[in-house]
Amino acid sequence: MSFLNGDTVGYDTENNKAVFIDQTLLPSKYEEVFTDSYTEMYDAVKTLKVRGAPAIGVFAGICVAVLINKLKTNDKEEIIKELDFICNDFEKCRPTAVNLRWALHKMFDEGKNSEPAKIKDNLKNLALKMIDDDIAVCRKIGEYGAELLKDKNSVLTHCNAGRLAAVRYGTALAPIYIAKEQGHNIRVFADETRPLLQGARLTSFELCDAGIDTTLICDNTASAVMARGLIDAVLVGCDRVAKNGDTANKIGTSAVAVLAKHYGIPFYVCMPFSTFDFSLENGSQIIIEEREGLEVTDYWYKERMAPGKVKTMNLAFDVTEASLITAFITEKGVIKPSEIKKYMSI
Ligand code: MRU
């Protein structure tokens, strides 16, 4: 019996539990985890059991609602103290995606502005609204994106910005799902995405599951498939976009963007509008998460494959310059980097 029914995260309000698919087990095992433990929630995001910018934002909202509804007290001061702790602490576990901070701030403000008797219900309702909003936003991104694709087009994507990275549909893969609904067949080339293999494990899994023609390639094969004329467009997701359009996404994305420019292939970044961080002038101000070297030297190998003394640099994200981006596909429409300023006050 599935509680999530195809979604990636959810809120079991009857039992007051946050629910998520443990993505570290995919594709070999599908497991839904129910929790009301902050330690388990923090660990789930830190270790990428729940990952992908929109998914971690919504999940954080659900977690806050669960944790506050679990409290025995109804005293506003005590609740706000707990809310303040959770929101500040949770934000630190993955610094690059703006969605985590966005969701936690929204939850904190809701709690702070609620009447004492309504705080718990209001937080629960806001978390449920975040789930619905994410689904609606991603569907819209899919509809705008599908308009840019033709039947039998072939798309390259990096990392996983599909349904497993949001509640449903995803961002970069949403146009492919919507195109399929419209009777169009889009072929996808999925970069494996070293070192954590989100492309190989997750993108391949969800696209094959949806019956989409999917070809898995090593990250260093992207240039070769573009040179052979096999790619019509690149679609990627993103974690944070500065005011000038510089975009942080999974490590390796900027290399794909440079290649796309070289081969004259449109490069689209698909994202909820809330991924714009207008407080940042440019990409150099985006904090890039750095993860442990073991992910590079040991993961996926039977035994450590690199010499013991070698140093590692395991940047989880990189920044793609705005000049390499054709457009952002958002729920508000398709926005060119040069048009961002126009949208800032909308
Ligand atoms: O480290 P991850 O797996 O959370 O990284 C995910 C990505 O980089 C995605 O492309 C991004 O979060 C957008 S997901 C719609």
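Which residue forms a salt bridge with R94? I looked it up in this predicted model. The partner is E289, and the closest N and O atoms are 3.0 Å apart. I then placed the two along the chain. R94 sits in the loop between α3 (76–91) and α4 (98–112), while E289 sits in the loop between β11 and α10 (294–297). They are 195 residues apart, so I noted a link between distant parts of the chain. Both R94 and E289 are buried.

Next entry: D277. I found D277 in a salt bridge with R101, with 3.6 Å between the closest N and O atoms. D277 lies in strand β11 and R101 in helix α4, 176 residues apart. D277 counts as buried because its relative accessibility is 4%, under the 20% cut-off. R101, at 28%, is partly exposed.

I also checked K140 and E143. Their side chains meet in a salt bridge at 3.4 Å, N to O. Both belong to helix α5 (residues 119–146); they are 3 residues apart, which means a separation of about one helical turn. K140 is partly exposed at 35%, and E143 is partly exposed at 27%. Elsewhere, salt bridges with shared partners join R94, E289, R291 and E295 into one network. My count for the model is 17 salt bridges.

Last, the sheet. I read an open sheet of 4 strands in the order β11-β8-β9-β12, with mixed pairing. The edge strands are β11 (276–277) and β12 (317–320). Strand β8 (residues 240–242) runs parallel to β11, joined by 2 bridges. V241 has F276 of β11 as its bridge partner. Helix α9 (residues 253–263) packs on the sheet and touches β9 (247–250) and β12. I noted about 30° between the directions of α9 and β12.

How values were computed: Residues numbered from 1 in each chain as written. Predicted model: local features only at pLDDT ≥ 70, side-chain atom pairs only at ≥ 80, totals over all residues. Heavy atoms only, no water. Pairing = 2+ DSSP bridges. Contact = heavy atoms within 4.5 Å. Axes fitted to C-alpha atoms, helices over the stretch in contact; angles between N-to-C directions. Salt bridge = Lys/Arg side-chain N within 4 Å of Asp/Glu carboxyl O. Buried < 20%, exposed > 50% of the residue type's maximum accessible area, 1.4 Å probe, protein only.
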